[in-house]
Amino acid sequence: MVPLEWYITLSTVIFIIGVIGFLIRRNIIIMLISIELMLNAVNLSLVAFSHYLQDLKGQILVIFVITVAAAEAAIGLAILVSLYRNKAVVHTDKITEMKG
Amino acid sequence: MQTGHDSHADKQPVNTIARTLLYVPAIIAFVYLGAIFSVQIEYPVLSWVIFLPIIGGFLIFLIPRKHEMLARATSLGLTLVAFILSLPLYINFDKTTAKMQFTEVHNWIPAWGIKYSLGVDGISILFVLLSTLLSILCVTVSWTAITEKVKEFYGSILLIEGSMIGVFCSLDFFLFYIFWEAMLIPMYILIGVWGGPNRVYAAIKFFLFTLVGSLLMLVGIIVSYYYTNKSFDVLQMMNTTYPYTIQLILFWAFFAAFAVKVPMFPVHTWLPDAHTEAPTAGSVILAGILIKMGAYGFLRFSIPLFPEAAKAMAPIMIVLSVIAIIYGAVICLAQTDLKRLIAYSSVSHMGFVTLGIFALNMQGIQGGILQMINHGIVTGALFLSVGIIYERTHTREIAHYGGAATAMPVYAAFFMIFTLASIGLPGTNGFIGEFLILLGGFMAWKLMGVLACTGIIIGAGYMLWLYQKVFFLETNPYAHYHEDVNEREFLTLLPLVVLVLWIGFYPNALLSFMEVSVQGLIDRVNVSAQQQITQNIIEVIK
Amino acid sequence: MTMEKYVLIPLLPLIGFCINIWFGRFYQEKAHWISILAVLGSFILSVITFIEVLQGKVINYDLYSWVISGNFKVSIGFLIDQLTAIMLIVVTSVSLLVHIYSVGYMHGDSGYYRFFSYLNLFTFSMLMLVTGNNLMQLYFGWEAVGLCSYFLIGYYFRKQSAADAGKKAFIVNRFGDFGFGIGVFMVFIYLETLHYTDIFANIHTLQGQTINILGFEIGLVTLIALLLFCGAIGKSAQLPLHVWLADAMEGPTPVSALIHAATMVTAGVFLVARFNPLFSMSETAMMVVALTGAITSLFAATIALVQNDIKRIIAYSTVSQLGYMFLACGVGAYGAGIFHLFTHAYFKALLFLGAGSVMHAMAGQLDIQKMGGLRKYMPITFWTFMIASVSIAGIPGLAGFFSKDEILWLAYNAGTVGRIVWVIGTIVAGLTAFYSFRIVFLTFFGKFKGTHEEEHHLHESPSSMTVPLMILAVGAISAGWVGIPPLLGGTNMIGHFLEPVLGHPHVHGTHAEEWMVIAISVVVALGGIFTAAVMYLWAPGIPQLLGRTFRSIYTVLWNKYYVDELYDYTIVRPTKWIGSRILVGVTDGKIIEGIVNGVPKLIAEFGERFRKLQTGFLQHYAMGMAFGLFVILSLVLIFVKQ
């Protein structure tokens, strides 16, 4: 039986990798992957707690998160594609339209 | 060329009048039959009159862009039907009671105490009728003037009509606020899209002014909500006595919204810009109805909800009104723009209205309400008239006009009647309103009554000056009047002339509507003030 | 109901107006038929009514409720008593004659139907004014006649001066109405009614009440009387609001005869006479009325001495004669005032219409210095004009003599103020005779001073113009015979007729004194005529000599005492200056707009600084979010635990 702490530790590590990846990488595809990493880290902890507390709600939530993540990835990639078509870049330093 | 012009203009009106008079019986018959029919059947009058134009407005957006004529005709039909549907209000209204009539109450969001609650009494009923009537004229006067984005234009007008009527009928603060704000949006679009050269500035200014005022009112509404056992019901609020300090705060919060709309001095500067830049229909709605919502707000909410505060603040209101009267009138003398002059004259005239209202006596308030109707008719008519001549000359500069009476005699006669009504000549509606207001104002505060009278002198000065510059003297070679009013324009102005004279000679027709309701309002103020005095005395004794 | 009849008196002209203004275009040249028939109907009904009143009937009833607001209740109604009956006769008869005269005078004018519809509208308004049984209806007629006056003065609206004159008349009258309106309010506030019968029944309750105005205690009666008198000053062109009447001569001449001589301008006198119970209660008010009248009559008569425009001279003469009527009212001789109003209507209308006839022949020429010798070209006009002049000058036997003499005699009897105004009145009588005959001599005698072409054009006017002249001439001779004083063998019928309404003043002078007053006024009048004859017939050099010798006086008179200029510099210009410079320029322009546009500008500047935070780099935002999350989490961890 793997203790709960291990799951939490793994989840935290994956989440931090996701956060750092999102913050330091400039490639949008990598950033999207980082977001997926964060989401899955959360999923992991949810399942772990669900099992630990013997409450199925956590797992149901995980299914929701997976669904949303899929949709998010689809929309994110779609935006990315149209962005690439218009600008021919996938690098965030080149995309500063929102500069005030 | 000049003589050719004249002879053409001399012959033409004869035919116009003759042909137009053929339409009149048909229209009268149509309205009459419609009225009979609509009185016969039972239907929720107010909901129909509000939502027919609103839904119709959205439907017009769906008409394909190329069918411009269809958009025009649909909106004309809808406004006509709305007018006929509103006629039962006039016919079936019970003048002997101060209670709300034609009420419709449904629970809407019960958890928050919000109801869908409509009703009219003697104070509001006339505004509903005025709105439905003026909307028709707004449609007809824009018939050829608007050539771009036609369906959006007429859709906006219908949306405005519905929400305006909603403002006058709502008996639930939440609903009221929705209508109050809702009509800003189409109005903003109307000014901003179809307006004059400086339209964007004017539209934003109009929007911001009214929004700032409205937000303070929103805060006031929420505060009063908590003081009324969490209910937005206006009738319930009217029976609630708020603590005096709360009354004062709320009075000023509501004042912010209403004073901007009226507009009272010193928050009037949006009005000249908005009026000047708006398209004709926009100016008519602004002058005819929108600015009445402010004064109506005072009557419907500020005074009955916070009677003691209203009584205590009445002197300030009266002084502000008198300043507006004189200020607005004097500033008119310096105007060079046709619409701007009429806009500033509105400031002066609305000063009379607020003076009458805060005189807080029978003559003052009745005069105030009547004068609101009058101002709606007369200033609305003046803007319609200006729109008609603007369509020909494409200039608003007074200096570019002159001698229009020679080229357009029928038009000149119309304008003369409206000018006379505007300066309050006996026999026109303006006289009755101003007379009652000044009498009421004089009874309330003699000095202010006297000062307000000076506004009438200056009023005659600027309106006659305007009339002379535009219509008299030799024909200005720079102005191309083309032809006198055509049938459509004639029929647009005719009902207003009839109203001007009808109210002038038989004002009781309207005064009798409001008598009981106004009496109820005055009783409310006096009784509450009495209670307040008693309370004060008790406190002193303690 | 028999009452229907009285409604028709004002209603007929209104119907005529409505028909002509709407349909006049279709039958241009025949518009006068409808108008004349309408006024003729009113005239006949007025005569019938007059006979009924003569038999002692007083008609007072309400037609319908006009305005009801709380305790404020006013009806449209009719009060026809002796005073109104006389006014009805004056208004409808002069109006009828002027209508007929206009058929010839306005012939061929492009706005022919418009002119007649305005005349009808005016007749309606004036009849509403005199028949009303309450103050508000009086006010209705009051403003409505002002409006018609505005229309008709500015009838030739393409002319700048005509348009200006109309506007001026309207606005100057508004100044008077300002006081009048407040007077009406005061009446309502203190008596709670505007109906004459109720006012006069309760008026004694005002006696002794005072009101505090800026620290002065003023008698309520005096105040109300003076406020109402303000309206009369405006409408009847008394000092200081007389400025509009001379300019009003821009209108067509029949209008001047009807509105600015015979009827509308006498409305002020009618008002004072109608409110005689009120005025009689206040000595101060009476004194003000008498002195205003006397000073105005002198003032206007002096101006009339030097003017050259024939219509302006007659206009100033009207102002002067109206002053006479007020003078009479002010000394309590209301009956004499109305009597003078009655006679004046005929001889003054005749003077104007005669002047119109002259203008018609002279192709619009107004300068009497350019006329002369017209006697032989237009005999009817000459003789009728002569009769009117003799009448106004106060030569015994004609209308003007009896009414003027009645006024002077009653003034003589009315204490100190009365003596003062009597002296002024007598002087004015002399001046009146002088300037009236100055016109006669310069216009009809001597040699023609115009161009040859003009001389060729001279002709007598058509019969539609001369017949009214002759009828009016009969009036100018005989109108005074209804008021021959007992001293001269008459019974002063009109005085007794009006007594129920206007009362009768106390007379305590002796017959010898009355003879003296008559003698003095006749001598003065003859002296005036004689002087005019000397100066303009026998020694034409004298006027120029006088003009040069008394240069400054002449200039002041010629410029009408510079009153117009005074108003221009003290009222018109400052108001416009405030409007354009202060209100548009400073208050609205700088202060309010400054605040209004300043606040958004401030917010915009604020935003200008803060937008720098928006770098556009996605990672910066993400960093911000992460950092924010860190801060919030830390705070939660720190505080929630404890």
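Analyst: Two residues are in contact if their C-beta atoms, placed from the backbone, lie within 7 Å. By this rule no contact joins chain A and chain B, whose closest C-alpha atoms lie 23 Å apart. This is a predicted model, in which local features need pLDDT of at least 70, side-chain atom pairs count only at pLDDT 80 or more, and totals for chains, interfaces and linings use all residues. Residues are numbered from 1 along each chain as its sequence is written, while chains are lettered from A and ligands numbered from 1 in the order in which they are written.

User: Which chains have the most contacts between them?

Analyst: Of the two pairs of chains that touch, chains B and C have the most contacts. Chain C contributes 40 residues and chain B 41 residues. On the side of chain C that touches chain B, α6(C) gives the largest share, 13 residues.

User: How is the packing of two helices described?

Analyst: Two packed helices are described by the angle between their axes and the distance between the axes. In chain A, helix α1 (residues 4-24) packs with helix α2 (residues 28-53) at about 165 degrees, the axes being 8 Å apart. α1(A) is therefore roughly antiparallel to α2(A), a term for angles over 145 degrees. Their contact has 18 nonpolar, six polar and no charged residues; here Ala, Val, Leu, Ile, Met, Phe, Trp, Tyr, Cys and Pro count as nonpolar, Asp, Glu, Lys and Arg as charged, and the others, Gly among them, as polar.

Technical notes:
Axes are lines fitted to C-alpha atoms, for helices over the stretch in contact, and angles run from 0 to 180 degrees between N-to-C directions. Helices (H or I, at least four residues) and strands (E, at least two) are DSSP runs, numbered from the N terminus. Angles under 35 degrees count as roughly parallel, over 145 as roughly antiparallel, 65 to 115 as roughly perpendicular and the rest as oblique.
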